[in-house]
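Reader: Could we go through this structure together? I would like to start with the sheet and then turn to the disulfide.

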Amino acid sequence: MWKFAWRRRAGRGALVVATAAAVCCGPIAGPARAAAPTVCPATAAGAFLENGAEDLLAEGPSRRPLRILAIGSSSTQGVGASGPNAAYPAQLEARLQKGWGIAADVINAGVGGETSDATLRRLLAALAKDPPDLVVWQVGTNDAVVGLDPEAFRANLIAGIDAARARRVPIVLVDPQFYFGIKSPARFERYVSIIAEVGAAKRAPVFSRFAMMKAWAAKSASTLTAALSPDGFHMDDQGYACFARALADDLARDRENDRAAAKL
């Protein structure tokens with residue numbers, strides 16, 4: 001049984017939000033709304049890069065629900081959402097079940113404000129104690145905002161991927177969000193590039209939230225704005241729902257493709 005205090009969502013107990021100082025986070029506002037949108041902007045071509053990885057959603061033992069550890073910072077915790085059920089991990093779980101018939105228990109291990117070194121420590125502890133069936137690591141935004149040494153950031157990513165591989169746990173990287181207020185675009189995109197480079201080199205899939213949201217902005221400013229909370233930085237319910245839907249669909253299609261290939 002998972003022991004993370006922050007994993008509980010509405011319907012399974014109250015969410016306990018970490019109180020550590022945050023670089024770019026705030027409380028999850030108000031009661032959960034029930035409105036996940038059914039229509040989302042098109043996902044950018046190439047937003048999900050499989051990088052040669054296989055069996056991301058392998059069957060769990062005894063056909064139990066897949067245990068997916070969603071770990072990261074405020075975008076995983078759900079800052080900007082109306083409640084825990086509107087955060088992306090809860091929406092990912094619902095989409096896998098309702099859209100694809102895949103039973104999953106998505107554990108929300110998001111702590112707002114964390115940089116990759118802090119999240120890495122929690123990831124290593126989770127893998128050592130009770131490895132999940134899949135890790136989704138949302139990473140890089142706070143490192144880019146505070147300017148963590150890029151090579152230290154690269155080393156953290158590699159250490160996390162290697163630790164997951166050592167426990168035979170597939171891992172997917174999710175890169176930073178795109179938003180209109182990026183103060184140093186070149187620096188910010190350097191971290192996005194590092195995630196892509198490490199994913200390709202280590203054969204770890206990358207879901208580029210940055211590419212997806214940048215494509216939304218290119219469609220129209222209002223398209224991106226509709227996916228952002230009032231702070232203009234974090235996603236809102238719609239943004240999290242569309243992100244979760246795109247990620248779930250890519251993971252499920254990858255599983256179907258692997259099954260089809262195995263039959264050839």
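Author: First a convention: helices (H or I, at least four residues) and strands (E, at least two) are DSSP runs, numbered from the N terminus. Two strands pair if DSSP finds at least two bridges between them. This is a predicted model, in which local features need pLDDT of at least 70, side-chain atom pairs count only at pLDDT 80 or more, and totals for chains, interfaces and linings use all residues. Residues are numbered from 1 along each chain as its sequence is written, and side-chain values use heavy atoms, with hydrogens and water left out.

Reader: In what order do the six strands lie in the sheet?

Author: The order is 1-6-5-4-2-3, in an open sheet with mixed pairing. Strand 1 (48–49) and strand 3 (104–110) are the edge strands, each pairing on one side only.

Reader: How many bridges join strand 2 to strand 3?

Author: Seven bridges join them, and strand 2 (residues 66–72) runs parallel to strand 3. Ala70 stands opposite Asn108 in strand 3.

Reader: Now the disulfide: which residues does it join?

Author: It joins Cys40 to Cys242, with 2.2 Å from S to S; a disulfide here is a pair of cysteine sulfur atoms within 2.5 Å. Cys40 lies in the segment before strand 1 and Cys242 in helix 9 (residues 237–263), so the pair ties together parts that are 202 residues apart in sequence. The search of the whole structure finds one disulfide.

Reader: Is the link of Cys40 and Cys242 left-handed or right-handed?

Author: It is left-handed, with -85 degrees about the S-S bond.

Reader: Is Cys242 buried or exposed?

Author: Cys242 is buried at 4% relative accessibility, whereas Cys40 is partly exposed at a relative accessible area of 24%. Buried means under 20% relative accessible area, exposed over 50%, and partly exposed in between (1.4 Å probe, protein chains only).
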